[in-house]
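User: I am new to this structure and would like a short tour. Could we go through it together?
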Amino acid sequence: MKKTIPFIYILISILFHNCSEVTALEEEQELELEEQDPEEQELEDTTGLPFKVKWSINRTEQQIQHAFRSFLHVSENGLYYYNSVGENGFLRLNKESGESLWAITDETSVPPYALKKIGNYLWVLAFDINNPTILKINPENGTVLFSRKSGVYPSIQSNNTWYGLRKQTTQLYSMDLETGNDIAVCDEFRVDNIRNFLVKEDKLVLMDVRRGSRSLLSINPNTCGIFWEIQEGDEANYGHLNYYSFAVDLGSKILSAAKNYFIIRSPSTGEAEFKFPPDASNNLDITHMLHNKEDNVFFFHDNITGKVFAFNWLTRTILWESEIQDRDVGQLFLVSNRLFLYSKNNNLYELNTENGNTISEKEIKVLLPFEIATVSYAVNRLEDSFGEEYFRISGDEIYYTTEKSTVVSARLE
């Protein structure tokens, strides 16, 4: 006799099967959520910005309402970060994801304000500004190889010798990169303040203050012989040096720049070949200045007119001036040969690099500036010598800080 299965058992079996499918589906959805990158779920809002956010690190509750200046160094050698509020530490971040690769959180972790990679190691100059600490770090794992107060920070190389400054004496030193040991050179050039220095072949060019007067001079660091010197009062060579003056290597020429003018000089004699503006009646108040090396062009913002100018230093001509007139400028910057002007009233302009016309004007959110290095250690960078810095640029990478995020990594749209 054929047995029959009661209807109630069939109904229970169907319900159990359906519940199993629902449970499996819910588990699968939960697994997908767990596998989803949490950074992608909480990306910084990009409303108003012509950038596509790659990742962002949200502020903690402790960091909210703090307008701190974080340190961020970005280059082909890596991404390094520090902030003074919340989870303190000097971190190396993964450029692709923002994840921490390592962190230094012991007593050596003090706020940095200059960083460079020499060979296989990082050199970090850290606060306090009057008695800085020099750190030598293995960038692969964050191991501090040595930490030294009031040491010499390696700033520039000439004939396989590294030179730098010791903050408390502001004297010129040569140093051993393995041990950090340093030796003072050229005692007769002891100065009150070295603004910056650059190397031209085997010569060092220094913008300095000595015996109460300012000079731009070229010396042989091995013999301490002077090749040439332009003093503050040398009117024939536009020796109008002031506290803001510094020098930049243009390759075939030297730029000596200040807030109110810039001068193109011969690297072999120091003599002025061109000054802009040519007389004091057409003065400038430069807030930001960039050098586009490919086109031999300076882009600069003048706060007197509020305009951005493009100046070709080879032809000595103004190429264009912008339609924009904004005197509350936060930063002028280039990304992949696209020129942007950020104003502190939360406007971001894009300018045509060929004619200065305004391509776009967008109102954006409040941004917070990064810590910038002191001029003496930021050798040969115009960007670090004027104003504040709200965007850090490396190739097509763009980094900034908002009220919501400590670090935002973005790219152009």
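User: What volume does the largest pocket have?
Analyst: This is a predicted model. In it, the largest pocket has a volume of about 1500 Å³.

User: Which residues are the closest to its centre?
Analyst: The lining of the largest pocket comprises 48 residues, and V74, R381, E383, D384 and I393 are the closest to the centre.

User: Which strands each supply at least two residues of that lining?
Analyst: Those strands include β2 (71–75), β6 (112–118), β10 (153–158) and β18 (246–249). β22 (286–292), β26 (329–335) and β31 (392–394) each supply at least two residues as well.

User: And how do the lining residues divide into nonpolar, polar and charged?
Analyst: The lining of the largest pocket has 23 nonpolar, 13 polar and twelve charged residues.

User: Changing topic to the backbone: which residues does a cis peptide bond join?
Analyst: A cis peptide bond links F276 and P277, with omega about -10°. P277 lies in the loop between β21 (272–276) and β22.

User: What about C186, where is it found and what is its phi?
Analyst: C186 sits in the loop between β13 (182–184) and β14 (193–200). Its phi is near 55°, a positive value in a residue other than glycine.

User: Is C186 buried or exposed?
Analyst: C186 has a relative accessible area of 5%, and the limit for buried is under 20%, so C186 counts as buried.

User: Where is N337, and what is its phi?
Analyst: N337 is in the loop between β26 and β27 (338–343), and its phi is near 65°, a positive value in a residue other than glycine. N337 is partly exposed, at 39% relative accessibility.

Definitions and conventions
Residues are numbered from 1 along each chain as its sequence is written. This is a predicted model: local features need pLDDT of at least 70, side-chain atom pairs count only at pLDDT 80 or more; totals for chains, interfaces and linings use all residues. Side-chain values use heavy atoms; hydrogens and water are left out. On a 1 Å grid over the protein atoms alone, a cavity is a set of points where a 1.4 Å probe fits but cannot get out, and a pocket is an open set with protein on both sides within 12 Å along at least five of seven lines; lining residues have an atom within 4 Å of a point. Grid points are joined across faces, edges and corners, and a volume is the space filled by probe spheres set on the points. Helices (H or I, at least four residues) and strands (E, at least two) are DSSP runs, numbered from the N terminus. Ala, Val, Leu, Ile, Met, Phe, Trp, Tyr, Cys and Pro count as nonpolar, Asp, Glu, Lys and Arg as charged, and the others, Gly among them, as polar. Buried means under 20% relative accessible area, exposed over 50%, partly exposed in between (1.4 Å probe, protein chains only).
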